[in-house]
Amino acid sequence: MKQIALIGSSGGNLYNLGGNEPIQMLQEIINQAAATEIELTDVVFIGANASMDNITSTTKAALYTMQAGQILASEQVGLEQANEQAREADQKLAQKIADGKIDGLILLSCDPKNVNRASVAAAVQANIPAVGTGGTSVATAQSAGLRVISASGTTGTTNRTRAVAFISAFSTEWKLKFMPIIGKSAAGTLEKQNIFKQFKFQGIMMAALPGFIAMALCLALSKIPGLGSLEQVFSLLVEALPVILATIAAKQVSGLDEVGIVSGIVAGIMSRGGGVIGGLLSGFIAGAFAYYIISFCFSKKFPGTTSNIAAGGLGGLAAGFIGMLIIEPAALFCGNTIQSIITFALDFNPILAGIVAGALMWPAILGGVYHAALLPIILLEMELTGYSFIGALDVIGLGCVAAGITLANVIYPKQKGDIAVAAPGLFILVVFGTFVESAYPFMFSSKKVFATAILSATFGGFLVGLFGVKTMGYVPLLLTPTLAPPGKALFCAVAIAATIAFSCILTIICNRMDKKKKST
């Protein structure tokens, strides 16, 4: 196991790029070292409460060190006092280097001529390899004879990309196998990079949900007299949604934080004509490109800034061109095919289509496929026609049914405590049009109420098919009819009211039966 040490400070530019969070920055290095046979054992790092470019007589700082694998921070003191503490710690580190207990050195905006002079001098004598960022400080250390194998400025870097660059350089120097660590598994253990495993479709759709809600709210508000201009904002958000999805996908797949975000934005903007499907696929490709490009750059000892620019810029650009030329036409074909299937089902028998789809709404959301399957279809419908059949089933089959169940437990609860559970959920459902999970406690505690939810959703689906209702979810229930196609607002309102009433009455009957059974 190779042992490395870190010396330096939160610096000037570094302060704004992660140096202001020393614990997280150091932990990222520890995590990446864990991916190979390297261990960070010693730290002499000064973390100031301001950029070193703007220090004053009141600037405070803390000294960060490491003992037994744990990062320790001193109390905040004056910067000069912290420097003095660091000089003492640096002397001890220099002795460890001289004794051959340190195999490599990381420099982070260090001070080779003063605070860190002893450790740098010892590293020169021991001829151990060093890596680092901070152009001036690294150059000063090199001029003193330090064997720097990888150096870069801090501009454009992040805590993660710097850590990957450092450990990659050491791994190449010592001929160790290294695969970057990008996060934690469900069990909480550190995971190495696997781009296919990182692409979590359902997680991406859920993360993008706020953008969908913003789009829905703009459409709803545009129907209010005097706010018609918001339709332009809605159209803009429809075009932006693929960019949002591409950005989230690229960030997840690459595991490179800001670098992945940039690659996703570039790819998403270029391929937004492919809609939701195009955004997702382009984001995946951008994230993969970003990861492999930065890995290649680091293996060839490119500077961190150059590697970041290549990964984020070139990765996103390449994925964007693929999205424009290949994915966009295929995505449009898929979207049109899905819309054609929905149209065919409605033309064949809209009532039957509504009944079947309504009956499947609760199993879909409970089975975890709603955000992975139904939400993308809603978005595709909205992109192509501005209205959604599945969106209407979402509102009526899920939202209205949940509203009816919670309303019933406010009017006639099985026990007094149920009111406190049901009332907040009912409020959120009516005012915000979401939080169908508020019905779960009542559905899971009674098989009758669970059956009521499915039966009510089936009834709601029947009304949707009967009236030919199309709309959008995730808006206040009272505004939902305003999102229906021209001439369908009244039918949408009737379907909403009837489904809530149906669900509420059946739930009250169930509660009454359960109370009688309990009393006997």
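Modeller: Helices (DSSP runs of H or I, at least four residues) and strands (E, at least two) are numbered from the N terminus. This is a predicted model, where local features need pLDDT of at least 70, side-chain atom pairs count only at pLDDT 80 or more, and totals for chains, interfaces and linings use all residues. Residues are numbered from 1 along each chain as its sequence is written, and side-chain values use heavy atoms, with hydrogens and water left out.

Colleague: In which helix do tyrosine 440 and phenylalanine 444 both lie?

Modeller: The two are four residues apart, about one turn of the helix. An α-helix has 3.6 residues a turn, so residues three or four places apart point the same way. The helix that holds both, residues 440–444, is H17.

Colleague: What kind of aromatic pair do tyrosine 440 and phenylalanine 444 form?

Modeller: Rings of Phe, Tyr and Trp (its six-membered ring) pair if their centres lie within 6.5 Å; planes under 30 degrees apart count as stacked, over 60 as edge-to-face and the rest as tilted. By this rule the model has eight aromatic pairs. Tyrosine 291 and tyrosine 292 make an edge-to-face one, with 5.1 Å centre to centre and 70° between the planes. For tyrosine 440 and phenylalanine 444, the centres are 5.1 Å apart and the planes 35°, and the pair is tilted.

Colleague: Is tyrosine 440 buried or exposed?

Modeller: Buried means under 20% relative accessible area, exposed over 50%, partly exposed in between (1.4 Å probe, protein chains only). Phenylalanine 444 has 52%, so this residue is exposed. Tyrosine 440 has a relative accessible area of 17%, and therefore counts as buried.

Colleague: Which residues do ring pairs link into a cluster?

Modeller: Tyr440 and Phe444 belong to this cluster.

Colleague: How many salt bridges does the structure hold?

Modeller: A salt bridge is a side-chain nitrogen of Lys or Arg within 4 Å of a carboxyl oxygen of Asp or Glu. Glu80, Glu84 and Arg87 are linked in a network of them. The total for the structure is eight.

Colleague: Why does the pair of glutamate 28 and arginine 160 tie together parts that are apart in sequence?

Modeller: Their side chains meet in a salt bridge at 3.3 Å, N to O. Glutamate 28 lies in helix H1 (residues 22–33) and arginine 160 in helix H5 (residues 159–174), so the parts tied together are 132 residues apart in sequence.

Colleague: Which residue forms a salt bridge with aspartate 514?

Modeller: Aspartate 514 is buried, with a relative accessible area of 15%. The closest N and O atoms are 3.1 Å apart, and the partner is lysine 448.

Colleague: How far does helix H11 reach from its first C-alpha to its last?

Modeller: The expected span of a helix is 1.5 Å times one less than its number of residues. Helix H11 (residues 275–299) has 25 residues, with 36 Å expected. The reach is close to that, at 36 Å.

Colleague: How many helices and strands does the chain have?

Modeller: Of the 520 residues of the chain, 52% count as buried. The C-alpha atoms fill a box of roughly 85 × 60 × 45 Å, taken along the principal axes. The chain has 19 helices and 10 strands.
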